[in-house]
Amino acid sequence: MSQNKTPLFTGLVDHSKKNPHQFHIPGHKKGKGIEPEFRSFIGDNAFSIDLINIEPLDDLHQPSGMIKQAQQLAAEAFHADYTFFSVQGTSGAIMAMIMSVCGPGDKIIVPRNVHKSVMSAIVFSGAIPIFIHPEIDKNLGISHGITVDAVSKALEQHPDAKGVFVINPTYFGVAADLQGIVEVAHEHKVPVLVDEAHGVHIHFHEKLPLSAMQAGADMAATSVHKLGGSMTQSSILNIKSGLVSVNRVQAILSMLTTTSTSYLLLASLDVARKQLATEGHGLIEKSIALAEKTRTSINKIQHLYCVGHEIVGTKATFDYDPTKLIISVKNLGITGHDVEVWLRKHYNIEVELSDLYNILCIITPGDTEDDTEILLRALRHLADEFYHQAKSTMPTTVLLPDIPLLALSPRDAFYAETEIVPFEESAGRISAEFIMVYPPGIPIFIPGEIITNDNLKYVIKNLEAGLPVQGPEDNHLHSLRVIKEHKAIR
């Protein structure tokens, strides 16, 4: 089939034009039964294709018609052997990847700065994580990728590992030498699983890092909705056959996927694939040019720094995505979260992410020069407003979390007998819950890790800055759930 075809979207539109009498769910019946104000806002066309897996529309769990054709087109576009659509986001696809290669007690090599979905999958599967320390950027206060050397060393020490998990690129757009990692892992007959949540577009332009499929990885969970133009929560899982069982992956994915799959999300994947395959290179070229122009202008603003190609050069910073604007604000003497709030209040600007030291803005084909001019005007105003504070501020010492020691497998810790202790008394205890700042969703603690004073201070620093600390039962973090201690009877 031609990449200009959209078998799923076209099939849904053709079905809606027949205007069938629907004696099946969803109960809104083409929008006629839903609250009128909401219907008016969303529009009749959307409700007309908000359908279920009746026979003419195929079934995501066992596709044989239009969904199968749409997935085959996606596989061709991404140079995969198989592609599965996900309406559970990339989190669901990541879980399917890990659970398809790991069972209870199996080892998997993972960077410590992985998304919470990875650790959730490790808890569900009962796998044992073998952590690799990512390279830390002490200037920006962020984690980068893992190196070929670190992966090679981990595989030598753990030749029985069932998989190597890689983030490519990171949330901030930095990529490791994925091809080198794949070659090392394949020498050991170990599959490479890639979190490509922030890299759907990289496959379609030579100025961007290699995609997972281009690098020869075995599986990649890819967020089409983040940077590829589909609707939120829609993603794909790309697979190269050989070291992984496609049938097992499909079975696990089906176990994790709702049976009431959203055809709006599925159709958006179909049309996003078409646009990426047929127009992606040109659209991404314009995004890169706009991002580079914006970056140059930001770097002319005193006390601000927007990261460029100079970040490349270490073993963990092998390449980077210029459409990600990492803007360091620490020299203004304020936090990234302060800047996020200020931009919202004064210019109605929303950023992708803020942390203690940076904000992250992304440039996509949906942005124009008018949009970036508003951002530049706002940043100039910001720099002027905090200029005197910046001049009187000493150089910022970047605070970064430790990587705690793992005392129990995450699954054993998650299901262990637990107790609640005051937050300030939890150091030295074994965590029974996740604690993270989201976004980006990288855990500070996971179940099974020993809580440290330094990381407690890091949590408090994020809370004081107003950043969204998530995970623990106690939203106010007055207490933490830890593994119960059984003391000897005297």
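Modeller: Gladly! Keep in mind that this is a predicted model. Let's start with the largest pocket: α5 (89–101) gives the most to its lining, with four residues.

Biologist: How do we find such spaces in general?

Modeller: Rolling a probe the size of a water molecule over the atoms shows where empty space is left. Here, the largest pocket holds about 910 Å³ of space.

Biologist: Which residues lie nearest the centre of the largest pocket?

Modeller: Asn-113, Tyr-171, Val-437, Pro-440 and Ile-442 do, out of 46 lining residues. Elements that each supply at least two residues of this lining include α6 (116–125), β18 (442–445) and α17 (453–464). By class, the lining has 25 nonpolar, 15 polar and six charged residues.

Biologist: And how many cavities of 30 Å³ or more are there?

Modeller: There are two. The largest cavity has a volume of about 90 Å³, and α11 (246–256) and β1 (82–86) each supply at least two residues of its lining. The largest share, three residues, comes from α11. Among the lining residues are His-61, Gln-71, Phe-85 and Gln-250. Four of the lining residues are nonpolar, five are polar and none is charged.

Biologist: What lines the second largest cavity?

Modeller: Ala-74, Phe-78, Phe-85, Val-224, Ile-236, Leu-269 and Arg-273 do. The volume of this second cavity is about 30 Å³, and its lining has six nonpolar residues, no polar ones and one charged.

Biologist: Now the helices, please. How should I read a packed pair?

Modeller: Two packed helices are described by the angle between their axes and the distance between the axes. Take helix α1 (residues 7–17) and α12: they pack at about 130°, with axes 7 Å apart. The two are therefore oblique to each other. Pro-7, Leu-8, Phe-9 and Leu-12 of α1 meet α12 residues including Tyr-263, Leu-266 and Arg-273. This contact between α1 and α12 involves eight nonpolar, no polar and two charged residues.

Biologist: At what angle do α12 and α14 pack?

Modeller: Helix α12 (residues 263–298) and helix α14 (residues 369–385) pack at about 15°, and their axes are 11 Å apart. That angle makes α12 roughly parallel to α14, and their crossing is right-handed. Leu-290, Lys-293, Thr-294, Ser-297 and Ile-298 of α12 make the contact with Glu-369, Thr-372, Leu-376, Leu-379 and Arg-380 of α14.

Biologist: How do the residues of that contact divide by class?

Modeller: The contact of α12 with α14 has four nonpolar, three polar and three charged residues.

Terms used: Residues are numbered from 1 along each chain as its sequence is written. This is a predicted model: local features need pLDDT of at least 70, side-chain atom pairs count only at pLDDT 80 or more; totals for chains, interfaces and linings use all residues. Side-chain values use heavy atoms; hydrogens and water are left out. On a 1 Å grid over the protein atoms alone, a cavity is a set of points where a 1.4 Å probe fits but cannot get out, and a pocket is an open set with protein on both sides within 12 Å along at least five of seven lines; lining residues have an atom within 4 Å of a point. Grid points are joined across faces, edges and corners, and a volume is the space filled by probe spheres set on the points. Ala, Val, Leu, Ile, Met, Phe, Trp, Tyr, Cys and Pro count as nonpolar, Asp, Glu, Lys and Arg as charged, and the others, Gly among them, as polar. Axes are lines fitted to C-alpha atoms, for helices over the stretch in contact, and angles run from 0 to 180 degrees between N-to-C directions. Angles under 35 degrees count as roughly parallel, over 145 as roughly antiparallel, 65 to 115 as roughly perpendicular and the rest as oblique. A crossing is left-handed if the near helix is turned anticlockwise from the far one by less than a right angle, and right-handed if clockwise. Contact means heavy atoms within 4.5 Å.
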